[in-house]
Amino acid sequence: MLKHRIIPCVLLKNWQLVKSIQFTSYRTIGHPISTVRIYNSRNVDELIVLDIDASLNNEPLNVELISDMAQECFMPLTIGGGINSIEDVYTVLNAGADKVSINSQAIENPSFIHEIATIFGSQCVVCSIDVKKVAGEYKVFNKKKGLLEINPLLLAKEYEKQGAGEILLTSIDHEGTTLGYDIELLEMFTKALTIPIIINGGMGNLEHGIDAIRHGADALGAAYIFHFTQYTPKMIKQSLASVNIPVRMEQ
Amino acid sequence: MFHTIAIVDYGMGNLRSVQKAFEKIGIDCIITNNHDVIKNALKIVLPGVGAFKDAMNNLAELGLIDLLNQEVLVKKKHFLGICLGMQLIAQKSYEFGETTGLGWIDAEVVKFPQTNLKVPHVGWNNVHFISQSKLFTNIPEDTDFYFVHSYYFQSQENVTTAHCEYGIDFSCAIQKENIFAVQFHPEKSQTYGLKLLKNFANL
């Protein structure tokens, strides 16, 4: 039976710290690599690493870092942030990532998704949509351009049509609150789409995970809960398993 | 140069992750489409993600079809097909029309039937062993492996060594003499995936 996945989302800012040797050979120092190593040793199902400011600042892709992270990662690795061209997708996949997460570039140009899917296959395209609720209405939010007059579900349907493999759906209102996922938003998406949905933003306890899966989530994305609470991916899985939701337990 | 394993580079998908998985378990391997390097390697791995037709075209353009036939069918080198690499050894695939495969096994590659299940089949799914295979040495029954595919391998020959269930039971691992293949991605399946690659390297 296919298992529901628990996916830690690792957020970076400007691909974090680098140091150079004679101004040429850039090496990564600090946390991203050790974080990936820890998640790998904890046998997590999958990992998403997003550079949250890459598009905002037109940061170039940090190929060294992506490749160093992939080196530590024997589960599927998704990389996102600042991927703007087919060439960027080549670069990221060749560095060892399995999937790319596309956000800003696809809002402006949904056919970018079709291009990627045609060349590399749908399985490697995760479309990331950030959503904010304003006056009772869900809208797409973009770091560069702010709140957009775009209906997130219509955008997701367009992505699905263009060949997206999965949707990473993040509620900005719930993100970091530990108050639980936005179930209303989730249901809206799972009822209307046929591709897998990774719900993200808000998991603060074990009940939240169960709640989201029961409302149709295929996978649970989470960041805060792993950094600032006692819960581990394994504990979340144990709690899902205890109510007969299929998960992959460590063997 | 002699290498234990040649990972065949035919322009399809993420070969680097297969290489680093072998490196992690200390197995010498090279990504190559050089005929002499493949001839000199002890074993051959054919990974791949993408469309069947493009894959066969690429293999043909690189002159690899005859070479693989020679190395695997005549010289009987150990061969491991992964994901698309498993599908390519079938006689034909129905992905985007009908395409002839390498034809090493009397099998067809067909799409998952329309059900309420999502296609592609993406994620971790457990594998039932149905016959002994050295590939599964020290791997427990019902271990989860990572899958990503929309088509599956339907064999007329009795070569299936493991099944997986996704709406239907399908063949996710096969063995015929020196030919091994798996539909899932051992290089992305954590500890037991690496174990399986090690078992192949130790054959």
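This is a predicted model: local features need pLDDT of at least 70, side-chain atom pairs count only at pLDDT 80 or more; totals for chains, interfaces and linings use all residues.

Modeller: Start with helix α4 of chain B, residues 64-74, whose buried residues are Leu64(B), Leu68(B), Glu71(B) and Val72(B). They sit on the same side of α4(B), because they cover an arc of only 85° around the axis. That arc is taken from the directions that run from the helix axis to the C-beta atoms. Buried means 20 or more other C-beta atoms within 10 Å of the residue's own; exposed means 12 or fewer, and partly exposed lies in between, with C-beta atoms placed from the backbone. Helices (H or I, at least four residues) and strands (E, at least two) are DSSP runs, numbered from the N terminus.

The face turned away from the buried side carries exposed Asp66(B) and Val74(B).

Now the packing. The buried residues of α4(B) pack against two helices of chain B, α2 (35-40) and α3 (52-61). Their strand partners in chain B are β1 (5-8), β3 (43-46), β4 (78-82) and β13 (179-182). Contact here means C-beta atoms, placed from the backbone, within 7 Å.

After the helix comes Lys76(B), with a positive phi near 60°.

A word on the source. Residues are numbered from 1 along each chain as its sequence is written, and chains are lettered from A and ligands numbered from 1 in the order in which they are written.

Chain B also meets chain A: the contact takes 30 residues from chain B and 23 from chain A. Chain A has ten helices and twelve strands, and its average pLDDT is 89.

Technical notes. pLDDT is the predictor's confidence in each residue, from 0 to 100.
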